[in-house]
Amino acid sequence: MDMRLSECSVAELGRLLRERELSAAELTEYYLERIERLDPAVRAYISVLADDARSRARGADATLSEGAGGPLTGVPAALKDNICLAGAVTTCASRTLADFRPPYSATAAEKLLRAGAVVLGKLNMDEFAMGSSTEYSAFFPTHNPWDLARVPGGSSGGAAAAVAVGMAPYAIGSDTGGSIRQPASFCGVVGMKPTYGAVSRYGLVAFASSLDQIGPLTRTVADNALVLAAIAGHDPKDSTSAPNEPGDYSAGLAEGARGLKIGLPKEFFRAGLASGVEKAVRDSARRLESLGAEIGECSLPHMDYAIAAYYLIAPAECSSNLARYDGVRYGLRAPAADMIDMFQASRSAGFGPEVKRRVMLGTYALSAGYYDAYYLQAQKLRTLIRQDYERVFAAYDVILSPTAPTAAYRFGEMSDPLSMYMGDIYTIPVNLAGLPAISLPVGLTDGMPVGVQFIGRHFEEALLYRAAFALEQSVAFTARPALTEVD
Amino acid sequence: MSISAAEVERVAFLARLHLTAAEKEDYARQLGAVLSYADRLRELDLSAVEPTAHATPLFNVLREDAPGESMERELALANAPERADGFFAVPRIV
Amino acid sequence: MAYGDRYEMVCGIETHAEMATKTKIFCACSTEFGAAENTHVCPVCLGLPGTLPVLNREAVNLAIKAGLALNCEIASTSKFDRKNYYYPDLPKNYQTSQYDLPIAKNGWLEITTDAGGKRVGITRAHMEEDAGKLVHSGETITTSSAGSSVDYNRAGVPLLEIVSEPDLRSPEEALAYLTSLVRILDYAGVSDCKLEQGSVRFDVNLSLRPKGRAELGTRTEMKNLNSLSAVRRCLEYEAERQAGVLDGGGQIIQETRTWDEGREMTLSLRSKEEAHDYRYFPEPDLMPLRISPAWVESMRRALPELPEARRERLIGLGLSAYDAGVIIADKDLALYFDEALKTCPDVKTLANWLTSELYGLLNARGESLAACQIRPAALAALVNLIKQGAISGKMGKTVLEMMADTGRDPEDIVRAEKMTQISDAAELSALVDEVLANNPKSADDYRGGKEQALGFLVGQVMRLTRGQANPALVNRILKEKL
């Protein structure tokens with residue numbers, strides 16, 4: 001068997017399977033073997049569903065041998081562990097859900113299974129998706145395959161690491177303030193945070209309901225468009241799901257950057273932005289210009305307030321969303337004399353420090369006397385941020401920006417919460433406005449990958465893929481983590 | 001800025017969290033830091049600005065009143081830490 | 001009432017009525033009452049991680065209808081909010097409710113008591129989800145030393161909370177308000193108002209103030225009363241209790257108390273629970289409602305005739321205020337009456353036969369109108385037979401009994417039992433002659449001024465005809481011949 005299968009794109013694997021040059025069973029064993037070999041060092045997976053994967057692979061082979069099946073049939077995939085898969089333990093990397101088996105699957109997972117995906121397992125993350133380094137997993141941290149002493153980013157750190165090192169052809173993550181894009185940037189993969197409402201949130205364990213969105217992490221832009229098409233679309237089970245059906249994300253890929261109006265927000269090139277990252281963004285702008293795009297400077301005046309608004313809104317929603325983990329219907333229950341003690345003991349034992357911190361912050365922001373000063377003010381600011389983007393998009397097709405201020409940092413480097421929060425400065429405003437944004441790798445700085453981000457108008461993912469594809473082809477980022485070369 | 005121990009206690013109870021002495025100190029400081037950072041929002045006069053609760057504008061998302069499948073009781077209770085016959089069991093209330 | 005001569009009661013009531021939808025407010029589980037515990041539940045109403053609510057259109061329609069029936073303004077924009085508090089019967093530990101943009105506000109309804117007619121203000125009406133049911137091993141929540149059990153069948157059942165202004169000044173007014181409110185919701189089809197099934201619950205708040213004083217006293221709140229009589233007894237007890245405290249120079253503590261049905265008293269329920277701070281914020285999982293005038297109008301058109309309009313109409317048809325009141329008091333009775341009215345021109349007699357004869361019969365048999373075999377058209381036919389003189393009223397009662405037993409039409413019964421009345425003057429006159437011939441003495445007695453002799457003679461004619469002679473006609477003929 002071709003030992004470079006881990007280098008094949010999702011599209012190529014699909015073709016090999018449909019042409020029966022490869023069976024889904026073989027491909028699944030190949031990935032299970034890689035996981036067994038590489039994951040002890042990386043620790044991207046919380047659970048590996050080997051038996052389940054093997055039986056799905058057999059099902060896929062049956063379909064394929066009848067000449068049926070689509071581009072994803074028989075291709076392995078992995079899910080962030082906050083995406084419910086019926087019957088499989090879904091932990092959110094939290095002690096409180098360590099044994100929770102949802103009797104239902106997330107709509108996005110459902111769609112993948114119907115498309116013939118073979119789910120290899122569930123991926124590590126910061127507990128309840130709260131964090132930017134996967135250090136806040138209640139079980140173990142995930143390591144960056146480019147440098148095991150560094151974090152993979154977060155909260156979808158397991159997803160980014162697994163795709164980067166070829167322990168899954170693609171992964172599904174979630175992004176509330178940058179949780180797909182920042183780890184994609186740290187691990188050198190492509191991560192898309194779609195428009196709010198483009199992918200159903202049903203079965204995604206909620207962190208901040210008005211900001212959460214599911215999206216794909218892949219090694220190529222084309223793969224990303226392919227996977228997003230499979231999971232996007234209206235879902236009557238999610239009231240916030242967009243009624244419009246998704247367009248064809250792949251069709252316009254090859255149209256190139258010519259004629260695209262691309263804005264660079266001046267507020268994004270300030271103190272705190274690492275020189276290596278700034279260089280990567282400026283180089284990308286130059287490349288795009290040489291490809292025929294029009295580059296111009298634009299302004300998003302309220303960006304300095306975005307983090308403040310986000311760290312009031314997201315914790316407020318999280319404090320309410322996580323109230324249900326009380327040890328009554330499911331989850332960890334600590335022994336206690338009476339009801340209130342049981343609630344307090346179970347929640348205190350079930351949640352880690354960052355989750356408690358945000359629950360406290362959100363509870364405070366909503367509590368009597370502070371609502372107007374904090375939560376309401378933050379929601380008003382959200383309006384101004386939306387309007388900032390609307391103004392820019394009246395003149396530009398897409399925005400080009402850094403994904404994160406730095407490349408992946410070392411474990412323990414971000415001990416102070418506020419400085420960790422500052423790392424989301426380029427990704428958070430996008431979630432507040434519900435816009436789509438994609439991060440793709442464009443180079444290395446000190447041996448670590450750097451990503452840049454394209455931000456687009458609501459439901460214009462296709463345009464983002466077109467811009468990202470053009471840049472990807474021009475950059476030809478072929479570097480791989482040393483670990484990958486094991487086979 | 002740091003918020004008072006009493007405030008931390010009050011909020012912890014509202015959130016049904018038991019905090020160790022060390023946690024109380026940390027949160028008093030860390031919450032204080034985030035909140036004083038958030039005070040920059042007060043610099044702006046937003047009196048004329050409408051709040052945004054949803055990123056994308058949709059209205060009247062409704063379902064028809066048509067009965068669907070409920071769960072098997074066994075499945076409903078499958079994840080229950082403690083059960084009593086067909087019920088979820090909890091400690092005494094007060 | 002002891003307190004009444006020194007203090008004035010100020011009372012407001014929050015009514016929680018289960019709306020008559022087939023499914024829960026945010027999921028497709030059945031709302032049917034009485035299912036085995038935890039069988040009407042799904043991942044959504046159990047609040048399992050990752051599940052999301054989707055609003056039931058019918059719940060909104062019913063809420064709009066209720067708002068209109070209670071003379072409220074219907075909001076053009078309305079939304080849901082989360083009310084955050086921890087309680088084991090609340091699957092998500094927040095209740096999805098409506099805070100600052102309720103679907104209806106600023107309404108009123110009319111009540112009548114011995115004190116006269118009065119308008120009671122409706123502050124607001126809003127939609128929310130019900131919680132599950134806690135089953136306590138002990139007598140009450142406070143004496144339940146061992147654990148409790150939770151059944152979530154009711155979690156997510158749509159409720160309409162109707163908040164009155166503090167306009168109620170006596171237990172009588174409170175009762176009149178609730179009776180009228182429940183009747184309106186029932187007629188409007190918003191709720192079937194089965195109080196015995198707990199489908200309507202009341203939170204009452206009460207304060208006293210010295211007579212003539214304007215400013216309000218400190219109030220207490222009594223939650224989860226589930227019958228009108230409980231509300232009355234609770235208000236009477238609590239008013240006396242507060243009066244006692246005030247008389248003794250004490251202070252009323254603003255608190256939530258519980259009504260102990262068994263001990264007929266309110267008890268302070270002070271506990272850690274008391275530190276409430278609901279932290280309301282807009283429900284991010286539900287989109288706002290925009291209610292167009294067209295939507296409101298279509299609901300207005302769909303509203304059935306409401307109790308007061310019905311009362312006016314019946315009085316207009318010639319019924320006494322009393323009879324009209326008796327009929328509209330019960331929706332089933334009122335609908336039955338209207339149905340019968342279609343084929344019976346005599347409104348008064350019909351009302352009389354329905355409210356006294358038929359109801360008397362049903363009460364005697366402990367049957368309900370719904371279960372009764374006599375359909376409205378049949379009762380109408382019976383009344384018509386009596387009015388035409390085909391049978392006497394006395395016969396009518398016998399026929400009614402038979403109708404109730406067999407469900408047969410009155411015409412069949414009358415025919416089969418040969419119950420027709422003899423109203424042929426010639427035939428009766430011959431019989432009268434015969435009776436006078438056989439009873440000369442009674443005839444003389446009557447002529448001599450003994451009125452009661454006539455009764456005897458009439459009785460003789462009736463005997464000859466086995467009761468089928470038309471008594472009025474026999475009377476007339478006798479008088480002529482004497």
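Select helix 4 (residues 293–302) of chain C, whose buried residues pack against strand 1 (62–63) of chain B together with helix 1 (57–69), strand 3 (73–74) and strand 17 (289–290) of chain C. Contact here means heavy atoms within 4.5 Å. Helices (H or I, at least four residues) and strands (E, at least two) are DSSP runs, numbered from the N terminus. The model is predicted: local features need pLDDT of at least 70 and side-chain atom pairs count only at pLDDT 80 or more, while totals for chains, interfaces and linings use all residues. Residues are numbered from 1 along each chain as its sequence is written, chains are lettered from A in the order in which they are written, and side-chain values use heavy atoms, with hydrogens and water left out.

Within helix 4 of chain C, display C:Trp295, C:Val296 and C:Met299, which are buried (under 20% relative accessible area; exposed is over 50%, partly exposed in between; 1.4 Å probe, protein chains only). They cover an arc of only 100° around the axis, which puts them on the same side of the helix; the arc is that of the directions from the helix axis to the C-beta atoms. On the face turned away from this buried side, select the exposed residues C:Pro293, C:Ala294 and C:Arg301.

Next, turn to the aromatic rings. Rings of Phe, Tyr and Trp (its six-membered ring) pair if their centres lie within 6.5 Å; planes under 30 degrees apart count as stacked, over 60 as edge-to-face and the rest as tilted. By this rule there are 26 aromatic pairs over all chains. For one of them, select B:Phe88 and C:Tyr152: the ring centres are 5.3 Å apart and the planes stand at 70°, so the pair is edge-to-face. B:Phe88 lies in strand 3 (residues 87–90) of chain B and C:Tyr152 in the loop between strand 10 (148–151) and strand 11 (158–164) of chain C, so the pair joins two chains. B:Phe88 is buried at 0% relative accessibility, and C:Tyr152 is buried with a relative accessible area of 0%.

Two arginines follow. In chain C, C:Arg119 lies over the face of C:Trp108, at 3.4 Å from the ring centre. In chain B, the charged end of B:Arg16 sits over the ring of B:Phe13, 4.2 Å from its centre. The criterion is NZ of Lys or CZ of Arg within 6 Å of the ring centre and within 35 degrees of the ring normal.

Finally, move to chain A, which has 15 helices and 11 strands. Select A:Phe100, A:Phe128, A:Tyr325, A:Tyr330 and A:Phe351, which form one aromatic cluster. Buried residues make up 69% of the 487 residues in chain A.
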